Amino acid sequence: MKKQIGVYICHCGTNIAATVDCEELSRFASTLPAVKVAREYRYLCSDPGQELIKKDIRDLSIDRVVVAACSPRMHEVTFQNAVSAEGLNPYLLNIANIREQCSWVHKDRESATEKAKHILRGAVARVLRHEALTARKVGIKPSALVVGAGIAGIQAALTIANGGMKVFLLERSPYIGGHMAQLDKTFPTLDCASCIFTPKTVEVARNKNIELSVCSEVVDVKGYVGNFTVTIKKQPTYVDYGRCTGCGDCVEACVLKKGVPSEFEEGMTRRKAIYIPFPQAVPLKAIVDRESCLLLSRGKCNKACVEACKAGAIDFEQKEEVIEKEVGSIVIATGYDPFDPHLLPQYGYGICENVITNLQFERLASPSGPTGGEILLKDGTVPKGISFLHCIGSRDENTNLYCSRVCCMASMKQAHLAKEKTGAEIHEFYIDINAFGKGYQEFYKRVREEGIYFIRGKGSEIFKRDGRLVVAAEDTLLGTPVEIPVDMVVLGAGLTARRDAERVAQVFGISQSADRFFMEAHPKLRPVATNVDGIFLAGCCQGPKDIPDTVAQASAAAAEVISLAAKGEIEVEPVAATIDPELCAGCKLCIEICPYSAIDFLDAKGISIINEVLCKGCGACTAICPNKAARQNHFTQDQVLSEVEGLVG
């Protein structure tokens with residue numbers, strides 16, 4: 001049967017038409033082999049544009065479609081749905097990318113049009129060899145895993161659980177809440193962070209659909225969308241949480257006199273080897289730090305904590321547990337790490353006393369912090385001058401080029417608190433003020449009116465002179481260098497990807513962007529999805545964001561999970577590889593190179609076999625197979641070669 005192709009060229013407003021002569025391209029397309037009709041339209045992805053394609057399929061018996069437009073990442077699904085609505089197999093469609101690969105990268109109209117002709121000719125040659133493919137359907141387990149229990153993980157878990165699904169919530173720390181649990185107040189409303197956050201942590205503990213595991217992390221993920229098998233390693237706490245009442249008697253009895261720096265208090269106080277992270281912690285249970293416990297690390301201790309515990313909750317025989325959970329979808333909400341100011345010694349962090357980070361200031365300002373909410377210097381006195389430095393570790397070619405988004409507002413909030421609590425002279429050193437959110441600009445204006453001095457210039461150095469700290473900078477508005485003597489300096493440390501982000505990415509098979517944050521499937525159209533179906537992102541693990549945006553993204557990820565489970569089953573793309581058992585020599589090279597662990601080896605037959613549900617169609621196995629036993633559906637050798645031959649003419 002003779003094949004009949006319809007070619008449709010999109011102007012994309014002026015994105016394509018300004019550089020490529022679409023009318024000339026349409027005339028050229030009509031001369032290509034098997035092309036029945038060629039048309040051009042201003043916005044092909046619009047309803048009228050799609051109707052144009054549908055009408056030709058109906059009236060002209062078109063059985064192949066080529067759309068010359070933007071990247072298939074943008075609208076391939078749109079056009080697949082359009083042709084499917086008329087009964088045409090969606091894989092008999094081909095997209096010729098004449099926007100990103102042509103109009104956007106060229107200026108000369110004549111040359112760009114000529115290149116577009118080559119791209120279009122290759123697309124037409126290829127679509128002639130396309131085969132009808134059928135998607136497979138797989139069931140979806142009605143449960144979800146949320147990794148990370150900061151505000152993003154908590155919001156996602158609660159939303160999913162309230163939707164009636166079972167949720168496994170994992171947290172590597174001994175408490176939930178992440179960095180938000182350390183905050184005193186939130187901008188721009190100055191709400192008490194604990195007041196708005198603690199009820200959520202309590203709700204997590206009480207929700208019957210949420211199974212919470214602290215001191216736990218994922219070490220392996222197998223399976224595919226709807227059917228993930230997750231291996232979890234749970235570290236021993238050496239405390240029976242079923243018995244522990246959180247009374248704190250064991251903490252008082254611990255014989256570790258000097259203690260170790262408290263992680264929750266950002267190293268400003270010390271804790272015992274057995275400790276409760278903070279008074280409002282969830283779960284409110286004690287935990288033994290193996291590294292600092294004299295019994296576990298040296299075998300030298302009188303076990304005073306065991307004797308002090310009336311509930312008999314302390315158990316030094318606890319071992320590491322390995323648990324497996326089966327879930328249908330996964331939300332990754334592992335959060336961020338603050339930038340380490342030690343990497344920029346010019347700011348004197350760790351060298352000069354009273355140079356602290358913004359998180360350390362939060363703990364000073366908090367009523368539950370080491371000073372009971374008073375802003376004090378190391379010697380216990382009230383500072384008379386405080387400087388806040390923005391963009392430490394952000395917007396810097398030597399560290400991170402990106403803006404951390406929250407630092408400006410956090411520094412201004414802290415400046416307000418410092419002014420309120422100390423009456424000190426306050427200076428803010430900034431590059432530009434990023435007050436992007438609702439009510440943020442108004443808050444910025446309010447802080448300026450409180451008598452806080454803003455100096456447009458990034459602090460370049462901090463040093464000591466006459467017993468005081470001196471901040472050196474250039475005021476870029478006045479064009480003059482300035483040196484401001486103060487008693488305390490607060491470094492607005494930016495947000496960075498977690499230190500273990502690369503390992504986490506490897507475990508889940510997801511990608512990272514250049515800044516090491518996890519990469520979304522599409523920055524505009526799929527901002528919470530990843531390149532792995534069924535795995536979603538929430539919060540600062542995807543990039544710096546404030547609390548409202550974090551909560552919104554977590555809710556969006558939860559909605560994706562609930563939507564996926566509601567279907568009961570999902571179609572899996574048939575663009576996957578297959579292995580011809582007659583040609584496979586059992587060399588296992590394909591198994592070694594597969595980034596999705598989609599290939600297994602059948603020892604009985606001595607051949608490799610592909611799990612088509614796990615396969616993402618990357619083509620690595622087809623490229624490395626020495627016997628050409630691996631074949632990539634929709635990207636077969638004859639399809640690719642015909643396109644290449646069409647491109648070169």
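Visitor: How many residues are in the largest nonpolar core, and which have the most contacts inside it?
Guide: This is a predicted model, to begin with. Its largest nonpolar core has 51 residues. Ile160, Ile210 and Val331 have the most contacts inside that core.

Visitor: Which elements give two or more residues to this core?
Guide: There are strands and helices on the list. The strands are S6 (143–147), S7 (166–170) and S30 (569–572). The helices are H5 (151–162), H6 (193–206) and H14 (547–567).

Visitor: And where does the largest share come from?
Guide: From H5, which gives 8 residues.

Visitor: Back to isoleucine 210. What does it touch?
Guide: Setting aside residues up to four places away in sequence, Ile210 touches Ala157, Leu158, Ala161, Val167, Leu169 and Val204.
Guide: There is also a second, separate core of 42 residues. Ala17, Val20, Ile98 and Ala123 are among them.

Visitor: New topic, sheets. What is the strand order in the open sheet of 5 strands?
Guide: The order is S20-S27-S21-S22-S23, and the pairing is parallel. S20 (355–357) and S23 (453–456) are the edge strands, each pairing on one side only. On average, neighbouring strands are turned by 20° against each other, direction ignored.

Visitor: How many bridges join S20 to S27?
Guide: 3 bridges, with the two strands running parallel.

Visitor: What about H10 and H11, at what angle do they pack?
Guide: H10 (358–365) and H11 pack at about 35°, with axes 11 Å apart. Their crossing is left-handed.

Visitor: Which residues meet there?
Guide: H10 brings Asn358, Phe361, Glu362 and Ala365. H11 brings Lys413, Gln414, Leu417, Ala418 and Lys421. The contact divides into 4 nonpolar, 2 polar and 3 charged residues.

Visitor: Where does threonine 186 lie, and what is it in contact with?
Guide: Thr186 lies in strand S8, residues 185–186. Leaving out neighbours within four places in sequence, Thr186 is in contact with Met180, Asp191, Ala193, Ile196, Lys413 and Ile547.

Key:
Residues are numbered from 1 along each chain as its sequence is written. This is a predicted model: local features need pLDDT of at least 70, side-chain atom pairs count only at pLDDT 80 or more; totals for chains, interfaces and linings use all residues. Side-chain values use heavy atoms; hydrogens and water are left out. A nonpolar core is a set of buried Ala, Val, Leu, Ile, Met, Phe, Trp, Tyr and Cys residues joined through side-chain atoms within 4.5 Å. Buried means under 20% relative accessible area, exposed over 50%, partly exposed in between (1.4 Å probe, protein chains only). Helices (H or I, at least four residues) and strands (E, at least two) are DSSP runs, numbered from the N terminus. Contact means heavy atoms within 4.5 Å. Two strands pair if DSSP finds at least two bridges between them. Axes are lines fitted to C-alpha atoms, for helices over the stretch in contact, and angles run from 0 to 180 degrees between N-to-C directions. A crossing is left-handed if the near helix is turned anticlockwise from the far one by less than a right angle, and right-handed if clockwise. Ala, Val, Leu, Ile, Met, Phe, Trp, Tyr, Cys and Pro count as nonpolar, Asp, Glu, Lys and Arg as charged, and the others, Gly among them, as polar.
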